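The points go from the whole chain to its two parts, and then to a single residue.

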Amino acid sequence: MEKSFIPFIKQTIASLLKAASHLVLPCCCTYCKQLLYQRTILCDACLAMIRPIVSGSIQLTTTRSIKVIALSAYKDPVRRLILAKRWSDIQAGAQLGQLIWDLTHFATIQADYIVPIPLHWSRYAKRGFNQAEQMSRVLAKKRTIPMAKIIKRVRKTKFQAGLSATERQSNVQQAFELVGGNLERYKHKHIILVDDLMTTGSTIKAAARTLLAVQPASITVVVAARVV
Ligand SMILES: [Zn+2]
């Protein structure tokens with residue numbers, strides 16, 4: 001190959017890579033659509049709208065409670081990113097994962113496996129993706145730990161919105177089951193349970209109770225938003 005071609009090829013590859021990365025990171029702020037001059041998800045003004053939220057906890061059994069880390073209260077701009085799944089925006093989940101990485105102390109919590117809260121297969125088929133899984137993929141990659149899809153929804157539950165707290169709890173009871181072989185490997189490991197939104201916590205509680213069967217050292221819940 002002619003030596004003079006090499007810089008040209010290098011330049012072409014560089015511009016192709018740049019074009020490909022734009023497919024993942026937007027050119028405009030995801031919330032206000034203002035043009036961005038650096039590769040971020042939200043502009044500085046929208047980013048400043050995200051108020052850090054104190055960690056909460058969920059009582060699983062009489063002796064065991066688990067910590068809940070949330071990026072934000074259920075407010076814009078995070079709310080808008082969560083709702084983007086309804087318009088088949090597959091990027092929003094990855095963007096929420098990135099924001100959790102950037103803005104919470106997720107990097108320092110004990111973690112061996114990331115477990116996304118699953119959708120029922122029929123809802124997954126309709127939507128084509130699971131936002132919690134999109135978030136989990138980013139978070140697992142950041143921590144270089146595996147994503148483990150070890151729980152599945154065995155009952156198609158009604159949408160939680162519009163149900164009372166008691167109705168929500170009975171709606172998700174026995175909704176999850178452990179799946180996959182060699183569940184022994186999760187024993188005494190630190191598990192991160194990921195979902196996009198926590199409302200009353202009944203879905204997360206049901207999923208976490210299912211996970212207790214593998215005897216993990218800890219379960220920490222990480223969500224994009226928590227209703228407070
Ligand atoms: Zn903005």
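What percentage of the 228 residues of the chain count as buried?

1. Of the 228 residues, 45% count as buried, where buried stands for under 20% relative accessible area, exposed for over 50% and partly exposed for what lies in between, with a 1.4 Å probe and protein chains only. This is a predicted model, in which local features need pLDDT of at least 70 and side-chain atom pairs count only at pLDDT 80 or more, whereas totals for chains, interfaces and linings use all residues. Residues are numbered from 1 along each chain as its sequence is written, and side-chain values use heavy atoms, with hydrogens and water left out.

2. The secondary structure comes to 8 helices and 7 strands, these being DSSP runs numbered from the N terminus (helices H or I, at least four residues; strands E, at least two). Along the principal axes, the C-alpha atoms fill a box of roughly 70 × 40 × 35 Å. Among contacts (heavy atoms within 4.5 Å) between residues at least 6 apart in sequence, 70% join residues at least 24 apart.

3. The domain assignment, which is of an automatic or database kind, gives domain 1 (1–49) and domain 2 (50–226). Their centres, taken over C-alpha atoms, are separated by 30 Å, and the contact takes 11 residues from domain 1 and 11 residues from domain 2.

4. Between them the two domains bury about 1000 Å², 62% of it on carbon and sulfur atoms; buried area is the accessible area (1.4 Å probe) that two parts lose on being put together, summed over both. Tyr 31, Ile 41 and Met 49 supply 50% of the area that domain 1 buries against domain 2, more than any other three residues.

5. The count between domain 1 and domain 2 is 6 residue pairs in polar contact, both residues being at pLDDT 80 or more; a polar contact is a pair of N or O atoms within 3.5 Å, where within protein one must be able to donate a hydrogen and the other to accept it, and residues adjacent in sequence count only if both atoms are side-chain atoms. On the side of domain 1 that touches domain 2, helix H1 (5–24) and helix H2 (44–49) each supply at least two residues, and H2 gives the most, with 4 residues.

6. Glu 133 lies in helix H6 (residues 131–143) and is buried, with a relative accessible area of 8%. The side chain of Glu 133 makes a polar contact with the side chain of Lys 149 (3.0 Å).
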